[in-house]
Amino acid sequence: MASRVNTSFTLIPNQKYRRSNRRSSYFSNTFDPDSQPLSTLGNFKALPLEIFQIILKYLSVKDISMLSMVSKTVSQHVINYISTSSGSKRLLLQDFHDLELPDREDTTMLEHYRSLGLLFKRCTLLLPTKERLKYIHKILADVSCFKFNGCAAPLQCVGLLCYGIFLQTLTAGWDELECHRVYNFLCELTHLSRKMQTVVCSKPGSARKLELRIRLFCRNVLLDHWTHRSDSAFWLTRILKPWPMVNQARLLYIIFGPVSPQDGQVVWQKMIEGPTDESCLKSLADAIKLLYDTSTKEWTADDVISLVDELSVVPREWLLENNARLLILSGNNICFTFMASKAVNGRTIELARLIVFLALVCEKELYSMDWAVKMMQKVCKVFSTPVERNNFLQSVANAFACAIMEMLQSVMSGDGDDDDRSFMNLFHLVQAQASFHKEDLMVPA
């Protein structure tokens, strides 16, 4: 310097590193002791690198994670240890098929990869996101069960679950721009977009194995581990938004729709062939609520209602009972908004039939019939004139009569188990009509 500063001390503001200016050479595969101040190793400075790595073998992953935060030099030593064959073998556990899984979230393996995610989060802290992801992928590349098609028995494997926990821990607290980069990186790595295009453009069920792989990857890696709903909504939005609405509905069904208990593959005819139960629809309803309830600029109420409407014809038009059950499970706001949309658009006959099947589901599931009546009365207020309201109420009465006649014909023409099922449906519908009208008379409009 040209002159000496004549003060006892000088206050210098802490410099903030810009992520874009971080040097990727910080994590070289070999450590050069001459390029790092050995004093930052503290009491470890007198130890050869080999002894330091032996010490790491006796520390837990959480302890190594804490140690890596001591200094840049120690962190570099930890990274070098991870890159060694012994370190990799110890840290990248791969007994993904040998676990009893009554409660997968509590398994030791998942907790190990949660801790490992934290270790990598801390070790790669100073790298730009892109370099960070490249380094982590290089370390994890040999774990076959982390790959999209890497496991031969994916339904008996917790590999993707562990990978998901690892990524969730790694990216927790990252801003949306960084998480966008993570999703793009994963898509490029797995060719996920191309695989999705194959299933949404093919006949449903024609690529069953690929549908299953997409479901497992999206659920286990991207969606199911988040504590906050806003995080789950972010990743689901990344999956759905690049596609047209019809394809969004198809993907939603692939990821959250009913599956066969035998082979885990998507059951496309479930909503068409007969009435289903809550277990088949709950995941779909939860996904719809996630998009509707989470404050995000990317989804409007109209978007979500259009998605529900499109979903109800995947792969063909659903039974109205199943459609009604999905709306009930999706919650009051979505149910009302969906029905109000039909009222505004003049689809009165469809709306009246939907009211009938909402009442039928309430009767079957022992839900309060008062809810169905109040929902109908709330929808009535959407109509602008008394004439329109009266016509709608008349349509509801006619829809009950038509539905009963249709089920009666089904009973008279059926046989065996189908006959018994049709008769019970008719019984429930008659009971539903009686209960509905009883509540309608008792509840003031």
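Tutor: Let's start with Leu366, which sits in the loop between α18 (348–365) and α19 (369–380). Keep in mind that this is a predicted model.

Student: OK, and what's the phi of Leu366?

Tutor: Leu366 has a positive phi of about 65°, although it is not a glycine.

Student: Is Leu366 buried or exposed?

Tutor: Leu366 counts as exposed, because its relative accessibility is 75% and the cut-off for exposed is over 50%.

Student: Which other residue has a positive phi although it is not a glycine?

Tutor: His191 has one, with a phi of about 55°. You'll find His191 in the loop between α8 (176–190) and α9. At 40% relative accessibility, His191 counts as partly exposed.

Student: Where is there a cis peptide bond?

Tutor: Look at Val314 and Pro315: a cis peptide bond joins them, with omega at about -5°. Pro315 belongs to the loop between α15 (301–311) and α16 (320–330).

Student: Changing topic: how do α9 and α12 cross?

Tutor: The axes of α9 (residues 192–201) and α12 (residues 245–256) come within 10 Å and cross at roughly 100°. That angle is why α9 and α12 are described as roughly perpendicular to each other.

Student: Which residues meet there?

Tutor: From α9 you have Met196, Val199 and Val200, and they meet Asn247, Arg250, Leu251 and Ile254 of α12. By class, the contact of α9 with α12 has five nonpolar residues, one polar and one charged.

Student: And what angle do α3 and α5 pack at?

Tutor: Helix α3 (residues 72–83) packs against helix α5 (residues 108–123) at about 130°, and their axes are 10 Å apart. That angle makes α3 oblique to α5. The crossing of α3 past α5 is left-handed.

Student: Which residues make that contact?

Tutor: On the α3 side, Ser75, Val78, Ile79 and Ile82; on the α5 side, Leu119, Phe120 and Cys123. The contact of α3 with α5 divides into six nonpolar residues, one polar and no charged.

Student: Now the charges. How many salt bridges are in the whole structure?

Tutor: A search of the whole structure finds 15 salt bridges. In one of them, the side chains of Asp309 and Arg347 meet at 3.6 Å, N to O. The two are 38 residues apart and link distant parts of the chain, with Asp309 in helix α15 and Arg347 in the loop between α17 (332–344) and α18.

Student: How accessible are Asp309 and Arg347?

Tutor: Asp309 is partly exposed, with a relative accessible area of 26%. Arg347 is also partly exposed, at 29%.

Student: What about Arg325 and Glu365?

Tutor: Their side chains meet in a salt bridge at 2.6 Å, N to O. Arg325 lies in helix α16 and Glu365 in helix α18, so this pair ties together parts that are 40 residues apart in sequence. Arg325 is buried, with a relative accessible area of 4%, whereas Glu365 is partly exposed at 32%.

Student: Which helix do Asp370 and Lys374 lie in?

Tutor: Both lie in helix α19, four residues apart, about one turn of the helix. Asp370 forms a salt bridge with Lys374, and the closest N and O atoms are 3.3 Å apart. Lys374 counts as partly exposed, at 45% relative accessibility.

Terms used. Residues are numbered from 1 along each chain as its sequence is written. This is a predicted model: local features need pLDDT of at least 70, side-chain atom pairs count only at pLDDT 80 or more; totals for chains, interfaces and linings use all residues. Side-chain values use heavy atoms; hydrogens and water are left out. Axes are lines fitted to C-alpha atoms, for helices over the stretch in contact, and angles run from 0 to 180 degrees between N-to-C directions. Angles under 35 degrees count as roughly parallel, over 145 as roughly antiparallel, 65 to 115 as roughly perpendicular and the rest as oblique. Contact means heavy atoms within 4.5 Å. Ala, Val, Leu, Ile, Met, Phe, Trp, Tyr, Cys and Pro count as nonpolar, Asp, Glu, Lys and Arg as charged, and the others, Gly among them, as polar. Buried means under 20% relative accessible area, exposed over 50%, partly exposed in between (1.4 Å probe, protein chains only). A crossing is left-handed if the near helix is turned anticlockwise from the far one by less than a right angle, and right-handed if clockwise. A salt bridge is a side-chain nitrogen of Lys or Arg within 4 Å of a carboxyl oxygen of Asp or Glu.
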